[in-house]
Amino acid sequence: MRLKSYFADTIEEAISQARREMGSDAMLVNSKRSGVEARHLGAYEVVCAGETEARSEAPAAGRTHAAAAPPMDRLSQDVSELKQQMERMALTLARSASGMAGIASDPQLSKVFAQLTDADFYADLAYEVVGRMTTPVTPEALRAELGALVSIDTELGYKAPSPGSPARSESLARSGSIARMVALVGPPGAGKTTTLVKLALQHGINSRKRSQILTLDTFRIAAADELQSYAAILGIGCEVLETAAALAQALEEYRDKDLILIDTPGLANGEMDGFEEFAHFLSSCPGMDTHLVLPASMRTADLRRVAQRYEMFGPRKLLFTRLDETETFGPILSQSVRMGKPISYLSRGQRIPEDLEAATLDGILDLILKTAPAGQSTRFGMAAA
């Protein structure tokens with residue numbers, strides 16, 4: 001199979017160029033807005049795949065170019081990501097052989113596809129969404145289609161059954177604790193510590209819950225001191241731990257608390273090997289509510305790799321930070337769908353606790369579609385409380 005990038009002012013024009021050169025079987029693989037360095041070639045860069053060799057007829061002047069060669073490390077990453085996308089797209093096309101042709105030949109569907117990819121929505125997922133739609137396309141129809149993909153879970157920790165119930169007795173026998181246990185895991189710089197303090201204030205202090213902070217972040221210089229300072233200001237306990245065994249002992253010690261918040265170190269790719277025991281503990285601990293904290297501003301390919309790397313910790317939910325550092329929010333929903341995990345909270349900025357809010361269905365859709373229904377807050381694109 002042969003891949004080639006085409007630049008044009010519209011996706012339809014680029015597809016037409018590809019079919020003139022590669023033949024009518026040319027397949028749209030990906031599309032995105034052109035980078036600054038290629039903007040003069042066309043507003044969109046469209047990657048197409050075809051089995052045939054290039055035809056002799058000349059393409060439109062100044063509009064068709066082979067993809068510029070990026071640095072080798074980035075190129076290998078992009079190729080790997082492209083292969084994964086194509087595999088998923090092949091499965092989608094197998095379910096609907098005419099889906100690709102229908103999207104490419106229908107101006108309205110092509111426009112919707114471009115809208116989703118402009119929001120950095122994963123291309124293969126955008127195909128699935130648009131492939132289920134029929135013309136005429138309305139904003140309400142697109143919103144409903146995306147809404148069906150949104151999964152939200154803002155409940156913190158294990159919700160104990162009612163007193164005296166068999167389920168409660170069984171759960172206590174398994175966990176030895178009735179505390180709500182919440183752990184935050186994620187890459188370095190994701191904002192886990194600040195987010196944990198926001199959660200402690202919103203759901204601990206303000207809700208009059210007896211709370212305890214535990215931290216295993218002994219990697220960063222003065223990280224534990226920073227968290228202990230926050231805890232002192234909030235008037236709650238904070239204990240520094242170094243092993244999974246120490247964490248287990250601490251959970252038993254603080255089992256009478258209402259809320260236990262656990263901070264963890266940000267681990268780079270080469271540092272994961274030494275944390276298998278800790279990851280196994282979190283993933284197997286009954287009642288542990290582990291949130292994978294991801295920066296919304298992270299490059300899509302990196303976001304996928306990091307999410308895959310942290311699967312070993314058994315996260316149940318996704319929490320996105322740094323919303324103020326990006327203008328495209330498609331990866332938030334895309335990653336949630338691909339991992340099959342709900343979104344819990346969204347964070348924008350460092351203010352404590354104002355810059356953390358529970359995710360909502362309408363809020364996620366407003367971010368992606370850049371809309372704000374009447375009567376709703378637009379600070380996060382989330383519904384007003």
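Biologist: Is Asp120 buried, partly exposed or exposed?

Modeller: Buried means under 20% relative accessible area, exposed over 50%, and partly exposed in between, with a 1.4 Å probe and protein chains only. Asp120 has a relative accessible area of 29%, so Asp120 is partly exposed. This is a predicted model, in which local features need pLDDT of at least 70, side-chain atom pairs count only at pLDDT 80 or more, and totals for chains, interfaces and linings use all residues. Residues are numbered from 1 along each chain as its sequence is written, and side-chain values use heavy atoms, with hydrogens and water left out.

Biologist: What is the phi of Asp120, and where is Asp120 found?

Modeller: Most residues other than glycine have a negative phi, and most peptide bonds are trans. Asp120 has a positive phi, near 65°, and is found in the loop between helix 4 and helix 5. Helices (H or I, at least four residues) and strands (E, at least two) are DSSP runs, numbered from the N terminus. Arg322 also has a positive phi, of about 60°, and lies in the loop between strand 9 (317–321) and helix 13 (330–339). A cis peptide bond, with omega about 0°, joins Thr135 and Pro136; Pro136 is in the loop between helix 5 and helix 6 (139–147).

Biologist: At what angle do helix 4 and helix 5 pack?

Modeller: Two packed helices are described by the angle between their axes and the distance between the axes. Axes are lines fitted to C-alpha atoms, for helices over the stretch in contact, and angles run from 0 to 180 degrees between N-to-C directions. For helix 4 (residues 107–118) and helix 5 (residues 123–131) the angle is about 145° and the axes are 10 Å apart. Contact (heavy atoms within 4.5 Å) is made by Leu109, Val112, Phe113 and Leu116 of helix 4 with Ala123, Ala126, Tyr127, Val129 and Val130 of helix 5.

Biologist: How many residues of helix 5 are buried?

Modeller: Eight of the nine residues of helix 5 are buried, including Asp124 and Glu128.

Biologist: How many residues are in the largest nonpolar core?

Modeller: A nonpolar core is a set of buried Ala, Val, Leu, Ile, Met, Phe, Trp, Tyr and Cys residues joined through side-chain atoms within 4.5 Å. The largest one has 78 residues, and Leu247 is one of those with the most contacts inside it. Leaving out residues up to four places away in sequence, Leu247 touches Leu214, Leu216, Leu241, Ile262, Phe278, Phe281 and Leu282. A second, separate core of 21 residues includes Leu156 and Ile213.
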